[in-house]
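Please examine the structure shown below.

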Amino acid sequence: MIVGRRRDVLERAAAGSMAVEVADLQEPDEVQALADRLGAVDVLVLNAGGSLTPEGPGLAATAQVWLDEFRLNVLTTVLLGEALLPRMSRPGGRIVALSSVAALRGAGSYGAAKAAINSWVTGTAGEVAADGITVNAVAPGFVPDTEFWEGRLDDAERARRVARIPAGRPGTVEEVAAAVAYLASPDAGWTTGQVLAVHGGAVLARL
């Protein structure tokens, strides 16, 4: 099943291969109504979100973009995750949230929102580990072949971002999907509370 706000977009993405549910995951009432329509859940991938641009100068615009990005990224993750926790398979349930390299090296309101997702992941993982449920995040780096970058990426910006990646190239959608698939699989039953970085070494681990 795939969930989102726009039925036409969902149906194109589903292409007849999965069910579609329409809900605004920023709205508690809509999230609860969605949860009430569902049965047991084995795997939950929390992938709603995005990056916004301030609509003008000044503190009012700054406050608005921080609030809007928190709602767009954090509430959509936390509300659905919390609503479906009681429905997750015990044992064997898998929750995977999409974070970002931005959470690991700082990137304004977007990075802060993704860092909040990491905090929710680690806290929730500890709460449900004894039930056999794992909760993890995947933090992708620069993956240009997605709608996220449409209209905001020229050749110079692409080159600038690639220059910051030790691996010397951008990532692919398939590489990120493979990380999500691993964390959703039975093989990942002893991996929980982790943020799996998939970004070509853009931020190196520190012990």
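Helix α3 passes helix α5 in a right-handed crossing, meaning that the near helix is turned clockwise from the far one by less than a right angle. This is a predicted model, in which local features need pLDDT of at least 70 and side-chain atom pairs count only at pLDDT 80 or more, while totals for chains, interfaces and linings use all residues. Residues are numbered from 1 along each chain as its sequence is written, and side-chain values use heavy atoms, without hydrogens and water.

Helix α3 covers residues 59-84 and helix α5 residues 108-128; they pack at an angle of about 20 degrees, with their axes 8 Å apart. The two helices are therefore roughly parallel to each other, a term for angles under 35 degrees. Among the residues that meet, Phe70 and Val74 belong to α3, and Ala113 and Trp120 to α5. Contact here means heavy atoms within 4.5 Å.

Phe70 lies in helix α3. At 40% relative accessibility, Phe70 counts as partly exposed, that is, between buried (under 20% relative accessible area) and exposed (over 50%), with a 1.4 Å probe and protein chains only. Beyond its neighbours within four places in sequence, Phe70 is in contact with Leu75 and Ala113.

The largest nonpolar core has 27 residues, of which Leu44, Leu80, Ile95 and Val135 touch the most other members. Such a core is a set of buried Ala, Val, Leu, Ile, Met, Phe, Trp, Tyr and Cys residues joined through side-chain atoms within 4.5 Å. Helix α5 gives the most to this core, with six residues.

Methods:
Axes fitted to C-alpha atoms, helices over the stretch in contact; angles between N-to-C directions. Helix = DSSP H or I, 4+ residues; strand = E, 2+ residues; numbered from the N terminus. Parallel < 35°, antiparallel > 145°, perpendicular 65-115°, else oblique.
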